[in-house]
Amino acid sequence: TLRLICTTTAVQRKNAGASGPEKYTEAFIKKQIEEFNLGKRHLANMMGEDPETFTQEDIDRAIAYLFPSGLFDKQARPMMKHPTEVFPEQRKIQWGEDGRPFHFLFYTGKQSYYSLMHETYEKFLNVQKHQEQMIAQDLPLQKEKRNLAGSRWLTKIELEEMLIEKLSDDDYSRFIQLLQKLVALPCADIEENYIQKFSKEVPVQLQKVVIEPLQYDERGVAFSTGEGKRKTARATAVVYDNGTGKITVNGTDMLHYFPVLQDREQLLFPFQFLGRIGKHDMVCTVSGGGRSAQAGAIRLASAKALRSFVTEKEVEFMRQAGLLTVDPRVKERKKPGQEGPRRKFTWKKR
Amino acid sequence: DDKLLTEPLSHPDFFSVKELFTLKDLFDARVHLGHKKGCRHRFMEPYIFGCRLDQDIIDLDQTMQHLQLALNFTAHIAYRGGIILFVSRKRQFCHLIESTARACGEYAHTRYWQGGLLTNARVHFGPGVRLPDLVVFLSTLNNVFEPHVAIRDAAKMSIPTVGVVDTNCNPCLITYPIPGNDDSPAAMELYCKLFRMTIIRAKDKRRQSEAFEELR
């Protein structure tokens with residue numbers, strides 16, 4: 001009788017992670033789409049709406065109503081989206097029946113990225129050839145400056161989405177360098193179409209602050225309003241022209257509302273800066289915050305209101321003096337393990 | 001079908017590869033120019049004709065024979081529908097080689113060679129990949145003047161190789177070496193032209209023979 005030395009009844013376990021991320025088959029995606037459409041009709045039925053005209057926004061509202069969630073992260077809340085948005089786009093099998101791959105750069109590993117580099121380099125050579133032809137014919141080289149300020153190149157993530165392939169930072173920087181070299185050539189206007197695929201418009205960030213025009217009330221006196229905030233205080237101020245320098249806060253005179261000199265100085269600072277102390281009247285309302293915060297809020301509100309009465313140069317002076325900037329300082333939160341926002345507990349040696 | 005595959009093997013030069021180039025063409029394309037005497041590799045000595053002012057001159061008669069053998073071999077591979085992969089690490093000719101490969105309908109890899117592309121292909125590409133049946137090196141060295149990793153990998157995976165070896169290269173693991181210059185643009189354009197013409201010729205012949213067989 002033979003004695004078995006080793007018995008392995010279990011089949012050799014395949015390494016579960018070796019095959020890479022899960023590949024979704026076409027049949028699976030199709031089934032998911034069918035289930036999604038069916039579920040959409042059920043949901044419409046539940047909500048009492050018409051299943052035919054049930055849009056994605058209606059779905060979102062219905063889900064938010066049926067499954068209310070207090071989670072902060074919007075991505076973590078229950079959602080019902082079309083499967084093409086949920087399952088990321090993946091590559092299908094890259095070779096035909098006889099085994100030959102479709103793309104000529106398949107064996108490099110990063111076929112879309114290298115084919116993109118190949119195309120871009122070809123455009124570059126085209127432009128150089130065109131330039132040489134122009135020089136040979138003694139024609140002037142076009143020098144219309146491309147507006148570089150209003151456009152930016154695609155980010156790495158956007159490029160990855162475009163190519164459906166992972167890129168490294170090095171690859172991305174090389175591609176951007178090649179594009180910049182292409183754009184730097186004088187005759188690059190020929191390939192403008194190609195370059196525009198990779199550049200995006202940057203919206204003008206500096207929004208011109210619109211200074212509101214003066215309004216006139218029943219007596220014919222010009223006035224203007226402004227809003228300001230500081231810490232938790234919110235204030236609105238109405239500044240009237242042809243005044244005597246009277247300031248009313250929440251129905252009471254400034255002298256009674258702010259007994260402390262410092263707060264009154266803060267209120268008068270914008271007028272003193274512009275040299276218009278006795279010329280304007282002010283009526284303001286303020287709520288929230290403490291003594292100093294309310295004073296700061298009214299100061300900001302009155303400065304904003306005064307912009308309408310004053311030239312652009314003086315508005316610039318006010319901005320540089322810091323009268324028009326919202327003070328971003330708020331109370332810092334207390335952290336666990338500490339007594340206050342910064343103060344730690346008393347350290348005891350033993 | 002059997003006849004299609006066995007018939008070309010009976011002729012020594014079924015695809016008349018010898019007509020594609022002459023010694024004068026090779027000389028005009030500066031294929032005979034090698035590197036300096038100090039860069040010479042020991043195993044290239046049989047292929048070198050001589051040395052003039054410290055620069056090695058490659059023997060063009062031997063180059064002719066090797067080139068003919070190599071082109072014949074590529075033609076046979078292309079006739080049988082094999083996958084041909086052009087490899088080179090020379091940056092100046094990367095675009096030219098990729099365009100040549102695209103024109104032939106074959107494949108090219110002139111970029112950074114990632115570690116296990118041939119040896120670990122199942123992990124890189126997917127379970128059912130087909131590896132190349134021939135690897136053509138238009139420059140055997142990589143950017144650090146060391147032999148390209150693909151030579152060793154192809155030898156490991158039993159894939160035949162054809163390669164243009166310069167005087168500083170190691171012709172050992174290459175099945176069909178072609179001693180010749182791999183640095184001047186004229187020489188590279190000549191090689192690309194020759195490979196392209198052979199492959200296209202072989203594929204056309206295959207299509208003609210298949211059509212002929214179907215008609216019968």
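N72(B) is found in helix α3 of chain B, which spans residues 60-79; helices here are DSSP runs of H or I with at least four residues, strands are E runs of at least two, and both are numbered from the N terminus. With a relative accessibility of 12%, N72(B) counts as buried, where buried means under 20% relative accessible area, exposed means over 50%, and partly exposed is in between (1.4 Å probe, protein chains only). Leaving aside neighbours within four places in sequence, N72(B) is in contact with P12(B), D13(B), F15(B) and V17(B), a contact being heavy atoms within 4.5 Å.

A word on the ground rules. This is a predicted model, in which local features need pLDDT of at least 70 and side-chain atom pairs count only at pLDDT 80 or more, while totals for chains, interfaces and linings use all residues. Residues are numbered from 1 along each chain as its sequence is written, chains are lettered from A and ligands numbered from 1 in the order in which they are written, and side-chain values use heavy atoms, with hydrogens and water left out.

T167(B) is another buried spot, with a relative accessible area of 0%. T167(B) sits in the loop between β7 (161-165) and β8 (176-179) of chain B. As for L33(B), the C-alpha atoms of T167(B) and L33(B) are 9.0 Å apart in space, although the two residues are 134 apart in sequence.

Next comes the place where the two chains meet. Chain B puts 26 residues into the contact and chain A puts in 20 residues. Between them, the chains bury about 2100 Å², 57% of it on carbon and sulfur atoms; buried area is the accessible area (1.4 Å probe) that two parts lose on being put together, summed over both. In chain B, H95(B), Y107(B) and R111(B) lose the most area to chain A, together 31% of what that side buries.

Polar links cross this interface too. Eleven residue pairs, both members at pLDDT 80 or more, are in polar contact between chain B and chain A. A polar contact is a pair of N or O atoms within 3.5 Å; within protein, one must be able to donate a hydrogen and the other to accept it, and residues adjacent in sequence count only if both atoms are side-chain atoms. On the side of chain B that touches chain A, α4 (94-104) and β5 (107-109) each supply at least two residues, and α4(B) gives the largest share, four residues. Sorted by class, that side of chain B has ten nonpolar, nine polar and seven charged residues. For this sorting, Ala, Val, Leu, Ile, Met, Phe, Trp, Tyr, Cys and Pro count as nonpolar, Asp, Glu, Lys and Arg as charged, and the others, Gly among them, as polar.

Helix α4(B) has its own set of buried residues: C94(B), H95(B), I97(B), E98(B), T100(B), A101(B) and C104(B). The cover over them includes α4 (111-136) of chain A, together with β4 (84-87), β5 and α7 (185-215) of chain B. Just after α4(B), G105(B) takes a positive phi of about 90 degrees.

One salt bridge is found across the interface of chain B and chain A. In E106(B) and R100(A), the side chains meet in a salt bridge at 2.9 Å, N to O, and R100(A), E106(B) and K203(B) are linked in a network of salt bridges.

Within chain A, R41(A) and E52(A) pair up at 3.2 Å, N to O. R41(A) is in helix α1 (residues 26-47) and E52(A) in the loop between α1 and α2 (56-66), eleven residues apart. R41(A) counts as partly exposed at 41% relative accessibility, whereas E52(A) counts as exposed at 58%. D60(A) and K81(A) form a salt bridge at 3.9 Å, N to O. D60(A) lies in helix α2 and K81(A) in the loop between α2 and α3 (83-86), so this pair ties together parts that are 21 residues apart in sequence.

Technical notes:
A salt bridge is a side-chain nitrogen of Lys or Arg within 4 Å of a carboxyl oxygen of Asp or Glu.
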